[in-house]
Number of protein chains: 2
Amino acid sequence: MQTKTDPRVLRTRKLITEAFIQIFQTKSFSEISVKDITTEAMINRATFYNHFLDKYDLLEKVVEEKLHLNLGCEKQKTSMSIEETIETVFLSLTRFETSVPSVSGQEEKEAIDAIIKLELVNIFRTKLIEINPQTETRLLDKLANWLTFTVRGISLDWKHSDQDETAGEFIEPLLPFIMRGIETL
Amino acid sequence: MQTKTDPRVLRTRKLITEAFIQIFQTKSFSEISVKDITTEAMINRATFYNHFLDKYDLLEKVVEEKLHLNLGCEKQKTSMSIEETIETVFLSLTRFETSVPSVSGQEEKEAIDAIIKLELVNIFRTKLIEINPQTETRLLDKLANWLTFTVRGISLDWKHSDQDETAGEFIEPLLPFIMRGIETL
DNA sequence: AATAAAGTGTAACTTAAACAACACTTTTAC
DNA sequence: GTAAAAGTGTTGTTTAAGTTACACTTTATT
């Protein structure tokens, strides 16, 4: 239990992230300056740097937050099986990717992708360690990576499909195949 | 040219008024507490009182601002005739009333009406004095009042009509009648 | 290639907003 | 009727945000 953060800090962060998301709809990431963000957020440019290192740091935090918003609560549940976790993460990811405005530029896509990858690997890693505490971490890390690529690949596949199936319907028949691999553990 | 206001002040006002308008969509005015507003606005309750006397004062300012937003620029134009002013005010009023969510309660309706009345009287009064500077103010005040009732009456009439005519079409045939009265000056 | 213009990141100082505590007035509930 | 709860409006004190200025880097312009 730590001393709760000043409401002004929370408000400022909210204003900044909302402003950023707002501008992000209309401009590509590289075109956005810190000044743009702070003007939209109605805060001073110097204040921005009290909260974020730079706009890349902001992007990172925003994506993290967005992802957590979808699967944050589920993440805690230790009751969840790996299979459920995979499905949940997949659904969160597709939800996230459809919620993000089809952003253009390469730079920001790479940035976002990198952040998502880190996040997913972390989720899978945690879950795998939780369920197989005796297995060595090196192996679990590799598996987490593999699961991440798998889930993101399927997500991309679904995204490029005609989407007559829901995301859930799309991954459902694939889950047994994925699970077979995991069950080698 | 006066010393420009602190950006924090502008931001806080914006947050408060936006929060108020937001809550006003879901609750009636009497049900809204200052705490509700400040929570939604993410500001401290004490700060509210640095900007507004109470929630009635806030309502007043918000309605004023909304009205000004519509006819603020026109109000300056000394070039405008009384007839144009009447029409402009009428159109602003109908625009305002259709933009306000059909708010329920009696208390707030009266509050808003009172504010609108004050505002319109003030506009007409200014215009009349500008055009007839030699006429005594007492009389112009009465005329301003009369114009206000006229415009608001027609606005109400239009609102209750089936609105197959636009507001502009609605008042157009009435303007000569109104002007006849004014031209007695 | 040179220069202007726009953007970045930082730091000392000022100020508006948060805190929290208060007396007071409704509302609500027993 | 009265006690608890919720709301109002105010006042010092503390703190996050605004100001301004700076050195520096990147991007346009000539």
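Residues are numbered from 1 along each chain as its sequence is written, and chains are lettered from A in the order in which they are written. In this predicted model local features need pLDDT of at least 70, side-chain atom pairs count only at pLDDT 80 or more, totals for chains, interfaces and linings use all residues, and side-chain values use heavy atoms, without hydrogens and water.

Student: How many salt bridges does the structure hold over all chains?
Tutor: A salt bridge is a side-chain nitrogen of Lys or Arg within 4 Å of a carboxyl oxygen of Asp or Glu. Over all chains, the number of salt bridges is 12.

Student: How far apart are the closest N and O atoms of K14(A) and E18(A)?
Tutor: Both residues sit in helix α1 (residues 7–24) of chain A. Helices here are DSSP runs (H or I, at least four residues), numbered from the N terminus. K14(A) and E18(A) are 4 residues apart, so about one helical turn separates them. They form a salt bridge, with the closest N and O atoms at 3.5 Å.

Student: Is K14(A) buried, partly exposed or exposed?
Tutor: Buried means under 20% relative accessible area, exposed over 50%, and partly exposed in between (1.4 Å probe, protein chains only). K14(A) has a relative accessible area of 38%, so K14(A) is partly exposed.

Student: Which residue forms a salt bridge with D57(A)?
Tutor: Look in helix α4 (residues 55–76) of chain A, 4 residues away from D57(A), about one helical turn. D57(A) itself is buried, at 10% relative accessibility. The closest N and O atoms are 3.2 Å apart, and the partner is K61(A).

Student: Is K127(A) buried or exposed?
Tutor: K127(A) meets E130(A) in a salt bridge (3.4 Å, N to O). The two lie 3 residues apart in helix α6 (residues 106–131) of chain A. E130(A) is partly exposed at 32% relative accessibility. K127(A) has a relative accessible area of 6%, so K127(A) is buried.

Student: Which residues form the negative surface patch?
Tutor: Asp and Glu count as negative, Lys and Arg as positive; His and the chain ends are not counted. A patch takes residues with over 30% relative accessible area and no salt bridge, joining like charges within 9 Å and nonpolar side chains (Val, Leu, Ile, Met, Phe, Trp, Tyr) within 5 Å. One member, E169(A), lies in helix α8 (residues 167–171) of chain A. The patch is formed by D162(A), D164(A), E165(A), E169(A) and E172(A).

Student: Which residue's backbone oxygen does the side chain of T88(B) reach?
Tutor: T88(B) lies in helix α5 (residues 82–99) of chain B. At 16% relative accessibility, T88(B) is buried. The contact spans 2.7 Å, and the backbone oxygen belongs to E84(B).

Student: What is the phi of M42(B)?
Tutor: Most residues other than glycine have a negative phi. M42(B) lies in the loop between α2 (34–41) and α3 (45–51) of chain B. M42(B) is not a glycine, yet its phi is positive, near 60°.

Student: Where is Q163(B) found?
Tutor: Q163(B) also has a positive phi, about 60°, although it is not a glycine. At 36% relative accessibility, Q163(B) is partly exposed. Its place is the loop between α7 (137–160) and α8 (167–171) of chain B.

Conventions
Areas by Shrake-Rupley, 256 points an atom, 1.4 Å probe, with all protein chains shown as cover. Charge placed at Lys NZ, Arg CZ, Asp CG, Glu CD. Polar contact = N/O pair within 3.5 Å; in protein donor to acceptor, adjacent residues only side chain to side chain.
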